[in-house]
Amino acid sequence: MSLPKPEAAAGHRRFDLPMVAVLVLCVFPLSWFAAGVSHRWEHPLIGWLALPLLPALGWYECRRTSRDARLDRDTRRFWAGLSVGAALLVPASIGNMADVSGGTIPVELSPFTLMMFGASTVVVMWTLLRLPAWQRSSGDWLRFGLDTGIVLLTGSVLIWHLSPESGHPAEVSLSALMVTLVSVLCLIPFVKIAFAGAGQLDRRSLCLLAAAVAASGTAGALAPVLPGTHLTSGLLAYPLTLLGVVLAARRQRRAAAGGGTVRTAPRRFSLLPYLAIAVLYAALLKIEIPRGGDETLMALAVTVLTGLVVLRQITTLRTNAALLDRLDHEVTHDPLTGIGNRHAYLEEVSARLTAGEPVVVALLDLDDFKDVNDRFGHHTGDDLLRTISDRVRRRLRPQDTVARLGGDEFTLLLPGMDEAATEGLLRGLLAAVQEPVLVDGHEMAPRVSVGVTSGVPGDSPIELLRRADVAMYAAKSTGGGRRAWFDPIMDQMADLDARLAADLRQAIARDELSLVYQPIVELPGGGLAGVETLVRWRHPEHGMVSPAVFVPLAERNGYIVELGRWVLEHAVRQTARWRAEHGDTAPGKVSVNVSARQLSEPGFPEEVAALLAAAELDPALLVVEVTETAVIGTGIAFDAVRRLDAMGVRIALDDFGTGHSSLSLLVECPVSWLKVDKSFVDGVTMQSPQAVIVDGLIGITRGLRMHAVAEGVETADQARRLHEAGYRFAQGYHFARPMPAADLTALLTTQETVSVSLS
């Protein structure tokens, strides 16, 4: 049985006891102080009795926050440091109360009290400077040092001016002024970090802490106007400061429970040096104006001139800050989609891993995105990417990160999620992303493959992306449009693919490749009309490797060009040999599959022409089979197809209906043969949508004067139904399986013998 979370459990109580105690302990001294402005207390120490308890409650709240497991290591360490600083204020407040009881005017703080204050300040400053987002460059440290020097100089001058030895009418404790100065110094890093952000530190919590420190300094600054010993700045400083600390600690826990993260704030410059200048000039004018004369005029002129220069500098700084913000955005964001880029993403992942947070990385890749660019143009592809990006962002939590790695790849960083929660988020995200969308007048149904992996201790951002990439390709290999979690066995499969790809590059030299030919027959009799050339690979270790395995490998590593050239050369030579040996009984058409990469190779049509000329083969005997996606658009591949057709080579459109089918392609592309995919032929004998498509396509091919070939015919019923529909050509296991050239030669010889005997 799991225990409820502390913050959740607190919500069921009638009242929040620690918070009620803090409010009561703050209201009492503040009310005592307010009443003491017009009334002199006979026993001023009564107002101090509650003050030592406030730092104790501050320690308690900061300690609770430092032990919150939902926070990263650096954030917990920060709150642990603040808890120590708050604990040191307990003896400091007791010492301060003892100092007040001495009755001296002005109240001087004892060495013990100053030591406790100093120790608390050192701990808080050290805690701030250990934050990972604190000053990192030498320039940052220089600016911090200059700000500190300006504040110190201003404070020193004011202390000298207000000290009793200076002749100032107000009697001010030197130690009280020093405490005020130190509070202002502490304010510098608090304000800087509140603006810049640091890890999981909640920005509002930092603002509350900065306000608490500012309240302490402001209370100290009131010391010169406080009457006697019955009212001191401590009655204001302790309650206001510790109330801010408590509220900040509790705010941080609520932010952790809600999964909030700190967002990068706009670039800001420090106003502290300008405030210091204003304070000094105000002090200068206060001294000079009563004196009159030339010195007063000079002081006024210098003050006005300095003010104008400061205003001009602030205006310039604001302009430069806006420019730098824009440059920072361009460096860390993708210009097309507006989301983060690879650099920003890797930095975010690295920060999460360094903080020891559990993270999940998911890599998203659009299936067949290249086809969208090729068919509709890159402008439409860009619009689709922006649409996908917007859909992804809307489905993520505030603390999640999405970035575009490049092309059609997006990556997600999901902190603090287990496998079940990740599955739920990705399920909804995929459903939203894959909804149909209208882009530039084209209706599309985008499909996305997702690879997912969880971070483990010792991981690097690059390793997480690599594993997610491996898982994503595993999702694609199973059909796409789905997600897959990384499994170590995927690395083994990837290694096997890499070794197979390397072996494939040696397959030609080692004579491991061979060609087989599947007959294309005439319906209904089954006479030989042509053959389709298919490649086979017998691996010396793995035996026969399926083309479904090695052809995609060749596509990915670019070897498909050399492999396709080898197939084409051997097919042309074998066709010429059959024509020489068997004449008109030889196959009337020899089909060769040509990839998009081959079609895009410069000079491919000339290469085909040279092969045909060398073999003295009629170009009309060669059929080049291409897929729809290989010729979509009007690029190099489409021009190559047109040039082949002009040479007399026939073009067959393979697997029609399985890709981004468009009837306009049948009009624009010089297609002579249309090969109807097996997935439609399978349903031809039933009352099915596939049968309707098969019937419709034969009418289209007749009208366009094309030949239709039904692929994958496996039964006599299918052959009969196709013939009744009007098909005159088919291929499939019902007629013949792919066979070596020698077997087909024997078949041709047998047919010739039968023909001669019948004659």
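Q: Which residues are linked with Asp365 in a network of salt bridges?
A: A salt bridge here is a side-chain nitrogen of Lys or Arg within 4 Å of a carboxyl oxygen of Asp or Glu. In this structure, Asp365, Asp367, Arg447 and Lys476 are joined in such a network. Before we go on, a word on the source: this is a predicted model, where local features need pLDDT of at least 70, side-chain atom pairs count only at pLDDT 80 or more, and totals for chains, interfaces and linings use all residues. Residues are numbered from 1 along each chain as its sequence is written, and side-chain values use heavy atoms, with hydrogens and water left out.

Q: How many salt bridges does a search of the whole structure find?
A: The search finds 25. One of them joins Asp400 to Arg397, with the closest N and O atoms 2.6 Å apart.

Q: Is Asp400 buried or exposed?
A: Buried means under 20% relative accessible area, exposed means over 50%, and partly exposed lies in between (1.4 Å probe, protein chains only). Asp400 has a relative accessible area of 10%, so Asp400 is buried.

Q: Where in the chain are Glu423 and Arg483?
A: Helices (H or I, at least four residues) and strands (E, at least two) are DSSP runs, numbered from the N terminus. The side chains of Glu423 and Arg483 meet in a salt bridge at 3.0 Å, N to O. This pair links distant parts of the chain, with Glu423 in helix α15 (residues 419-433) and Arg483 in strand β7, 60 residues apart. Compare Glu463 and Arg466, whose salt bridge is 3.1 Å, N to O: both lie in helix α16 (residues 461-477), three residues apart, about one turn of the helix.

Q: What is the strand order in the open sheet of five strands?
A: Strands of a sheet pair through backbone hydrogen bonds, either parallel or antiparallel. Two strands count as paired if DSSP finds at least two bridges between them. Here the order is β2-β3-β1-β6-β7, with mixed pairing. At the edges stand β2 (401-406) and β7 (483-485), each with a single partner strand, so one side of each has no neighbour in the sheet. β2 pairs with β3 (residues 409-415) in the antiparallel sense over five bridges, and Ala403 has Thr411 in β3 as its bridge partner.

Q: Which strands pair with β12?
A: Strand β11 (residues 590-593) is joined to β12 by four bridges, and the two run parallel. Strand β13 (residues 650-656) also pairs with β12 in the parallel sense, over five bridges. To find these pairings on screen, look for Val590 opposite Leu622 in β12, and for Val624 with its bridge partner Ile651 in β13. Strand β12 (residues 622-627) is mostly covered, with five of its six residues buried.

Q: How many residues are in the largest nonpolar core?
A: In soluble globular proteins, nonpolar side chains tend to be buried together. A nonpolar core is a set of buried Ala, Val, Leu, Ile, Met, Phe, Trp, Tyr and Cys residues joined through side-chain atoms within 4.5 Å. The largest one here has 74 residues, and Leu599, Leu722 and Tyr727 have the most contacts inside it. Helix α19 (residues 560-582) gives the most to this core, with 10 residues. A second, separate core of 29 residues includes Leu385, Ile388, Val433 and Val448.
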